[in-house]
Amino acid sequence: MPAISYGTEYVCARLARELGVPVLLWGLRDERPDADGIRLRDSQCGLFATGKVLRRFGVPFTYLNNCRLEDAEFARGLWDFLAVCNVVDTFRHTRILQIAPRPFDFWSTMCNEGELLERFQIQLSPIPMPELTEAVKEAKADQAGVKEVTDHCRGCMNIAIQPEELENVAALKMAMKTLA
């Protein structure tokens, strides 16, 4: 939401609340007043007013420091805002593949499935170990797929396990990808 001068903060807040999308406030850097004290605009005041009403409406927002469109600060700030929006959007559409229950002693891997869903709309997809074992067996039957994965591993990694073990790892990788 650009503030080019003092703005209509009420309209901005209603629009932001209605759209329900991330809000970035930005104002053009005000020029120095004329010699007689006349100001051509007051974007700083528009930013303060709009920010205050957005808070009253419960609309989260962030802002850029006042700058001109040509300033590197504007491009960097807009890019950073869009990058954060992308991360948040990706986060909100995350699904976690949980393979078997956590081992008893691994308390650091504990999660609250209900809270993940309620607060962040993140779904946990539990896969029982027998289902994974069956998927690995099916993957092993696809010799061309296993060879493709093992060839990739040999080309990119230092392999320190036996060839049969590497095939098991490749089949596990394929099974997990299929289950995911």
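This is a predicted model: local features need pLDDT of at least 70, side-chain atom pairs count only at pLDDT 80 or more; totals for chains, interfaces and linings use all residues.
Strand 2 spans residues 24–27. It belongs to an open sheet of three strands, arranged in the order 1-2-3. The pairing in this sheet is parallel. Strand 1 (2–3) and strand 3 (62–63) are the edge strands. Each has a single partner strand, so one side of each lacks a neighbour in the sheet.

The pairings can be followed residue by residue. Strand 1 and strand 2 run parallel and are joined by two bridges. Here Ala 3 stands opposite Gly 27 of strand 2. Strand 2 also pairs with strand 3 in the parallel sense, again over two bridges. On this side, Leu 24 has Thr 62 of strand 3 as its bridge partner. Helix 2 (residues 43–56) packs on the sheet. This helix touches strand 1 and strand 2. The direction of helix 2 makes about 160° with that of strand 2.

In soluble globular proteins, nonpolar side chains tend to be buried together.

With neighbours within four places in sequence left aside, Met 174 is in contact with Ala 139, Asp 142, Gly 145, Val 146 and Val 149. Thr 150 sits in helix 6. Its relative accessibility is 5%, so Thr 150 counts as buried, the limit being under 20%. Beyond residues up to four places away in sequence, Thr 150 touches Leu 166, Glu 167 and Ala 170.

Helix 5 and helix 7 also pack against each other. Their axes are 8 Å apart and form an angle of about 115°. The crossing of helix 5 with helix 7 is right-handed. From helix 5, the contact involves Glu 131, Leu 132, Ala 135, Val 136, Ala 139 and Lys 140. From helix 7, the partners are Asn 168, Ala 171, Leu 172, Met 174, Ala 175, Met 176 and Leu 179. The residues of this contact divide into 10 nonpolar, one polar and two charged. Thr 133 is also in helix 5. At 37% relative accessibility, Thr 133 is partly exposed, because this class lies between the 20% and 50% limits. The C-alpha atoms of Thr 133 and Leu 64 are separated by 52 Å. Along the chain, these two residues are 69 residues apart.

Phe 91 lies in helix 3 (residues 72–92). Its relative accessible area is 39%, so Phe 91 is partly exposed. Residues up to four places away in sequence aside, Phe 91 touches Phe 120 and Ile 122. Phe 91 and Val 23 are 68 residues apart along the chain, and their C-alpha atoms are separated by 18 Å.

Most residues other than glycine have a negative phi. Ala 100 is not a glycine, yet has a positive phi of about 65°. Ala 100 is located in the loop between strand 4 (95–99) and helix 4 (113–120). With a relative accessible area of 12%, Ala 100 is buried. Gln 121 also has a positive phi, near 60°, and is a residue other than glycine. The loop that holds Gln 121 runs between helix 4 and strand 5 (123–127). Gln 121 is partly exposed, with a relative accessible area of 43%.

Note on methods: Residues are numbered from 1 along each chain as its sequence is written. Side-chain values use heavy atoms; hydrogens and water are left out. Contact means heavy atoms within 4.5 Å. Two strands pair if DSSP finds at least two bridges between them. Helices (H or I, at least four residues) and strands (E, at least two) are DSSP runs, numbered from the N terminus. Axes are lines fitted to C-alpha atoms, for helices over the stretch in contact, and angles run from 0 to 180 degrees between N-to-C directions. A crossing is left-handed if the near helix is turned anticlockwise from the far one by less than a right angle, and right-handed if clockwise. Ala, Val, Leu, Ile, Met, Phe, Trp, Tyr, Cys and Pro count as nonpolar, Asp, Glu, Lys and Arg as charged, and the others, Gly among them, as polar. Buried means under 20% relative accessible area, exposed over 50%, partly exposed in between (1.4 Å probe, protein chains only).
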